[in-house]
Amino acid sequence: MRRLHRRIIGAAPDRRLRLYILLLFAQIVLYSLATYVIVRYVEQTPFTMLDALYFVVMTITTVGYGIPFPVESELTVILMILIMFTGVLTVLLILPALFAPYLEKLFQRTPPKTLNRKVRDHVVIVGFSGTARSLIDMLRVSSIDIVLVEDNIDEAREALSMRRTAPYIIWGDYNDDDTWTNAHIERAEAVILCEDEHTSAKVILGIRDRTKAKIISIADYPDYERFLRFAGAEYVLSPKHVTGKNIARHAIPGPYFETLYDENPYCNIHSQAECASTDRKKIFMLPILEGYTCVGSTIGDLNKNNRFDFQILSYWRGSEFVISPRDDDVIDKSTMLFVLGPEKAILGFRESELRRGIEAGYFAVIAGYGSIGGIAFGELRNEGIKAIAIDPYVDTVPGIHENAESEDILVRAGIREASVCIICTNDDDVNIFTTLMARSLNPRVRILAATHVPESVDKLYKAGADYVADTPTLGGMMAANIVLADHIHILIALPDGRKIAAAYIQKKGGVSVESLQHDTGVLVLAVRTRRSSIVHPGPDYMMEEGDEVIVVGTKGALRKLIRITSGENI
């Protein structure tokens with residue numbers, strides 16, 4: 001029976017098509033029985049069951065190979081009308097469901113194999129994936145040309161569906177030299193590989209002698225970095241590795257924090273006469289953890305009682321990003337503060353906020369022990385924090401070799417006593433459902449989740465996550481910041497499509513905050529000068545050449561910002 005069921009699904013994978021076929025089969029059986037009974041006993045005419053089946057099939061299919069058929073009773077007429085109407089309608093429903101996939105492929109637009117214009121100093125992206133999609137979105141803050149090369153026709157067609165945000169698309173075999181000639185690889189500024197490590201290595205070896213472009217490879221596994229570099233990659237980025245470390249830093253209850261922005265390491269333009277590195281003000285992401293004395297107080301209270309030299313720039317709570325905090329905004333354990341200040345000030349604040357004994361009994365549950373979960377587990381273990389991992393696929397998982405998408409397994413892992421739960425399986429649907437279960441089992445636990453598609457970010461927050469790390473967006477941002485290093489540095493991609501970014505003022509004579517905001521549409525959050533840093537500067541404040549401006553804006557607004565601050569049309 002199971003074998004028959006598998007064969008049926010294989011022959012008709014579309015659920016709607018199977019339903020229509022089942023309906024047609026049921027109609028034929030029922031109408032054949034009805035025809036046999038009515039003709040034999042109402043019309044009083046000799047009629048076999050085979051004759052009835054033949055008549056019904058001929059009527060439904062409208063073939064017209066008729067047989068002598070008595071029509072004397074009104075009941076017979078009604079039955080014939082019913083057979084013709086419902087049977088033909090069902091057949092008409094089956095035909096589109098049966099042939100639509102083939103017709104769709106037949107009439108689908110074929111991706112181009114070459115460009116219709118010459119490009120120079122462009123970015124070539126190899127492979128269309130979630131990271132590539134995010135990367136294209138990040139690069140759209142500039143006017144640089146983007147060429148996407150994809151060897152899978154279905155993926156290339158999907159890229160074509162991006163409409164206005166679509167780059168130039170080339171569908172071609174990675175092993176074919178003509179593919180790279182058509183992509184003008186010899187004139188490219190950068191080549192970014194978003195394929196698996198084996199494919200990336202093969203592509204790099206094939207193109208490295210044909211171009212002087214920066215070759216950037218995005219890899220899932222940091223262990224492959226040295227091989228990709230040996231192949232010819234100048235930069236090897238591992239978004240999953242960074243995501244794992246990032247999530248772990250949000251789980252550690254010690255004096256740790258993350259530098260959101262200090263200096264872009266790839267930028268060749270820096271202001272002169274900088275302050276000493278220990279006194280240089282930076283932007284930090286400061287997660288508020290359970291046990292902080294400031295939990296339950298307001299932004300105004302924190303500013304008033306803050307004896308440390310830092311300023312609150314903005315904050316993030318769930319999927320909500322507040323650019324200009326109000327004094328009466330309440331701080332809770334799901335709040336992520338963005339603060340501007342020297343490192344020693346943030347360190348002093350976190351040490352003072354941690355109550356004694358918070359480490360006692362501190363315990364973490366990690367759902368998923370893959371590329372992200374394994375890194376997070378290692379980071380927690382290095383800090384002496386007890387953690388138990390759950391994974392059904394990794395045999396050597398340090399914990400439970402089961403699926404985390406189970407209430408019993410989460411309880412067995414200790415979710416009710418856990419201080420933090422990290423959810424980072426390779427399936428976003430599993431991550432969302434596990435988040436729901438973890439939140440219902442322990443309302444006080446701090447939930448940190450990873451996602452593999454940006455569309456899942458909002459769902460994870462709604463499910464109860466306190467912080468969500470968007471891996472594809474992080475990978476796209478890391479690669480884009482290498483390409484755009486001398487023009488802009490993207491710090492955060494907000495859920496509403498806007499981005500927080502930093503840029504150096506390279507315009508001679510400087511520019512005022514009001515003028516910059518009016519001409520570009522960005523909102524200035526802060527300015528870092530050679531001597532000081534100003535949060536939310538007034539409209540008349542003049543930014544001089546060499547100052548850094550930190551703004552929030554749309555892709556179009558940031559594109560205008562680049563033109564004004566750099567004076568270059570990129």
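How many salt bridges does a search of the whole structure find? The search finds 14. A salt bridge is counted when a side-chain nitrogen of Lys or Arg lies within 4 Å of a carboxyl oxygen of Asp or Glu. The model is predicted: local features need pLDDT of at least 70, side-chain atom pairs count only at pLDDT 80 or more, and totals for chains, interfaces and linings use all residues. Residues are numbered from 1 along each chain as its sequence is written, and side-chain values use heavy atoms, with hydrogens and water left out.

Several of these contacts can be described one by one. R326 forms a salt bridge with D329, and their closest N and O atoms are 3.1 Å apart. R326 is exposed, at 52% relative accessibility. D329 is buried, with a relative accessible area of 6%. Here buried means under 20% relative accessible area, exposed means over 50%, and partly exposed lies in between (1.4 Å probe, protein chains only). Salt bridges that share partners also join D137, K499 and K555 into one network.

R317 and D332 meet through their side chains in another salt bridge (3.4 Å, N to O). R317 belongs to strand β9 (residues 311-317), whereas D332 sits in the loop between β10 (320-322) and β11 (335-341), so the pair ties together parts that are 15 residues apart in sequence. Helices (H or I, at least four residues) and strands (E, at least two) are DSSP runs, numbered from the N terminus. D332 is partly exposed, with a relative accessible area of 27%. A salt bridge also links the side chains of E186 and R187 (3.7 Å, N to O). E186 is partly exposed, at 38%.

β19 has two antiparallel partners among the strands described here. Strands count as paired if DSSP finds at least two bridges between them. Strand β18 (residues 489-493) pairs with β19 over four bridges, and H489 stands opposite A502. β18 and β19 form a hairpin with five residues between them. In its turn, G497 has a positive phi of about 100 degrees. Strand β24 (residues 548-553) is joined to β19 by six bridges. There, I550 is the bridge partner of A502.

Most residues other than glycine have a negative phi. D121 is found in the loop between α4 (74-107) and β1 (123-126) and is partly exposed, at 47% relative accessibility. H536 has a positive phi of about 45 degrees. H536 lies in the loop between β22 (533-535) and β23 (542-543), and is partly exposed at 31%.

Charge also gathers on the surface. D151, D173, D176, D177 and D178 form a patch of negative charge. Patches are made of residues with over 30% relative accessible area and no salt bridge, with like charges joined within 9 Å. D176 lies in the loop between β3 (168-171) and α7 (177-182). At 34% relative accessibility, D176 counts as partly exposed.

Technical notes. Patches are made of residues with over 30% relative accessible area and no salt bridge: like charges are joined within 9 Å, nonpolar side chains (Val, Leu, Ile, Met, Phe, Trp, Tyr) within 5 Å. Accessible areas come from the Shrake-Rupley method with a 1.4 Å probe; for residues, only the protein chains shown count as cover. Lys and Arg count as positive and Asp and Glu as negative; His and the chain ends are not counted. The place of a charge is taken as NZ of Lys, CZ of Arg, CG of Asp or CD of Glu.
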